[in-house]
Amino acid sequence: MDNSKLFKTFKERGEWVELCFMAQAVQHGSKVLKPWSECTAYDVGVDHGPNFLRVQVKSTTVRTGTGYLCQFNPNYHKKQDYTIQQVDLFAAYLVL
């Protein structure tokens with residue numbers, strides 16, 4: 001099934017990918033947390049012992065040569081980077 005055509009906007013695709021990530025994390029025995037608002041740099045918190053890991057979930061459909069291109073910037077147009085104070089891990093999801 002071609003999932004890349006299911007979404008009208010990148011926001012819709014991003015929300016779906018976050019849900020896919022959370023479902024996979026739960027299937028692997030993790031507890032997940034979803035921030036109430038969109039003012040955090042991370043998309044999902046994953047319970048990790050006494051702490052939680054801040055995970056930024058990204059997705060791509062762009063194939064380049066033998067791999068895929070995934071942008072790891074908060075906003076592609078601003079070209080600013082995430083900091084280690086904002087995000088602990090990235091999860092990249094291929095939408096095929």
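**Reading a pocket, a sheet and a salt bridge**

Modeller: In this predicted model, the largest pocket is lined by 31 residues, and those lying nearest its centre are Phe10, Gly14, Gln56, Val57 and Lys58.

Colleague: How should I think about such a space, and which element gives the most to the lining of the largest pocket?

Modeller: The general idea is that rolling a probe the size of a water molecule over the atoms shows where empty space is left. Here the largest pocket holds about 910 Å³ of space. Helix α1, residues 10–27, and strand β3, residues 51–60, each supply at least two residues of its lining, and α1 gives the most, with seven residues.

Colleague: How many residues of the lining are nonpolar, polar and charged?

Modeller: Sorted by class, the lining of the largest pocket has 13 nonpolar residues, ten polar ones and eight charged ones.

Colleague: Turning to the sheet, in what order do the four strands stand?

Modeller: A general point to keep in mind is that in a regular strand the side chains alternate between the two faces of the sheet. In this structure four strands form an open sheet in the order β1-β2-β3-β6, with mixed pairing. Because β1 (32–33) and β6 (89–94) stand at the edges and have a single partner strand each, one side of each is left without a neighbour in the sheet.

Colleague: In what sense does β2 pair with β1, and in what sense with β3?

Modeller: Strand β2, residues 44–48, pairs with β1 in the antiparallel sense over two bridges, and Leu33 has Gly45 of β2 as its bridge partner. The pairing of β2 with β3 is also antiparallel, over five bridges, and there His48 stands opposite Asn51 in β3. These two strands, β2 and β3, form a hairpin with two residues between them, and Gly49 in the turn has a positive phi of about 70 degrees.

Colleague: How many salt bridges does the structure hold?

Modeller: Side chains of opposite charge can pair when their charged atoms come close. The structure holds four salt bridges, among them one between Lys11 and Glu15, whose closest N and O atoms are 3.4 Å apart. Because Lys11 and Glu15 are four residues apart in helix α1, about one helical turn separates them.

How values were computed:
Residues are numbered from 1 along each chain as its sequence is written. This is a predicted model: local features need pLDDT of at least 70, side-chain atom pairs count only at pLDDT 80 or more; totals for chains, interfaces and linings use all residues. Side-chain values use heavy atoms; hydrogens and water are left out. On a 1 Å grid over the protein atoms alone, a cavity is a set of points where a 1.4 Å probe fits but cannot get out, and a pocket is an open set with protein on both sides within 12 Å along at least five of seven lines; lining residues have an atom within 4 Å of a point. Grid points are joined across faces, edges and corners, and a volume is the space filled by probe spheres set on the points. Ala, Val, Leu, Ile, Met, Phe, Trp, Tyr, Cys and Pro count as nonpolar, Asp, Glu, Lys and Arg as charged, and the others, Gly among them, as polar. Two strands pair if DSSP finds at least two bridges between them. A salt bridge is a side-chain nitrogen of Lys or Arg within 4 Å of a carboxyl oxygen of Asp or Glu.
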